[in-house]
Amino acid sequence: MIRHIQPRWRCLALCLFALLAGCERHQSEQGEPHEEDARAATIHMASATQQALGVQVAPAELKALEQTLQVTGQIAQDTDRLVHVNAPEAGILKELLVAIGQRVEPGTPLAIVTSNPGQTPMQVVAPRAGLILGIHLTAGASVDSLTSLMTIADLSQVWATFDVYEQDVALVQVGQRIEVRSVAYPDRAFPGTTVFVSPQVDQHSRTIKVRAQIDNADYALKLGMFVTGLLYIPTAEQALVAPHAAVQRLEAERVVFVQTGPEMFEARDVTIGQETPIHVQILEGLTPGEMVVASGSFHLKAELLKGTLEEGHAH
């Protein structure tokens, strides 16, 4: 026999079902790990683990914000680091002891010259370190004190010449910091400083020439190599900044990991302002001098979420 449920009992059953569903949903929400809970946690990471993962800290600090301008250019010889090697006196170039492209140090023997009066052999040595860029004579040639035997180029610092568009000229000044990169070394940045800004605009390209002096201690950058440059343009505004790599995203929030002890870190919400490739302006959440994880912060985020997940499963 089919029984009909009275309306009042039907209402009661629906209310009970809704209540049970709400309890299950509440239990599910408590059981699932949330990134909001994660941000309230601290993380322990042993010093050995930090070293193995490349975790490094840096201070939040007050400094002028920097804009950046990307430019393209080419490596050239710094003419102030070019030296011509002459014979000590008139005579005959008897022997060359070096070849083009060879690196030399101060005092390296370069050639043997015999003097005209007594045929006395004289050794010509390198006046400075560098690369033999050119050899201008062959053995048996007559030489005197004005004759250039060869040219040595010190490439430990080189010039990089860039084309800057006319609309960006006002941003560029002598003395600004620049980082140069080459496709030959994609993971390496070569630091330098702008040393010359041309007073003339090219009538065809509407660009000006900007020259920077670039550190090249191991001679990795070659003359004529095409490079890109990132020019850093300071502003007058002082701001609290942290390394760009320190900021991680957790849901809609930005978080940094503050070092509270040698092996302890706290995840902290921050409000950010302007961003550059190097720094992020911190509007809220940090004070000057606090140490934040500047390299490897994603490892801290992974540890944090892993710990929260384990806590959720334990419930």
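I began with alanine 242 and found its place in strand 16, which covers residues 226-243. The model I am reading is predicted.

I looked up the accessibility of alanine 242 next. The relative value is 0%, so alanine 242 counts as buried; the cut-off for that class is under 20%.

I then asked what alanine 242 is in contact with once its neighbours within four places in sequence are left aside. The list I got is Ile278, His279, Val280, Ile282, Leu286 and Val292. I also checked a C-alpha separation: alanine 242 and alanine 294 are 52 residues apart along the chain, and their C-alpha atoms are separated by 7.9 Å.

I turned to the rings. I searched the whole structure for aromatic pairs and got one. Its members are tyrosine 185 and phenylalanine 190, with 6.0 Å from centre to centre and 65° between the planes. I logged the pair as edge-to-face, because the angle class begins over 60 degrees.

Are the two members buried or partly exposed? I noted tyrosine 185 as partly exposed, because its relative accessibility is 26%. Phenylalanine 190 comes out at 2%, so I noted it as buried.

Last, I looked for charges over rings. I found the charged end of arginine 103 over the ring of tyrosine 219, at 3.7 Å from the ring centre. For arginine 211, I found the charged end over the ring of tryptophan 159, and the distance to that ring's centre is 4.2 Å.

Conventions
Residues are numbered from 1 along each chain as its sequence is written. This is a predicted model: local features need pLDDT of at least 70, side-chain atom pairs count only at pLDDT 80 or more; totals for chains, interfaces and linings use all residues. Side-chain values use heavy atoms; hydrogens and water are left out. Rings of Phe, Tyr and Trp (its six-membered ring) pair if their centres lie within 6.5 Å; planes under 30 degrees apart count as stacked, over 60 as edge-to-face and the rest as tilted. Buried means under 20% relative accessible area, exposed over 50%, partly exposed in between (1.4 Å probe, protein chains only). A charge sits over a ring if NZ of Lys or CZ of Arg is within 6 Å of the ring centre and within 35 degrees of the ring normal. Helices (H or I, at least four residues) and strands (E, at least two) are DSSP runs, numbered from the N terminus. Contact means heavy atoms within 4.5 Å.
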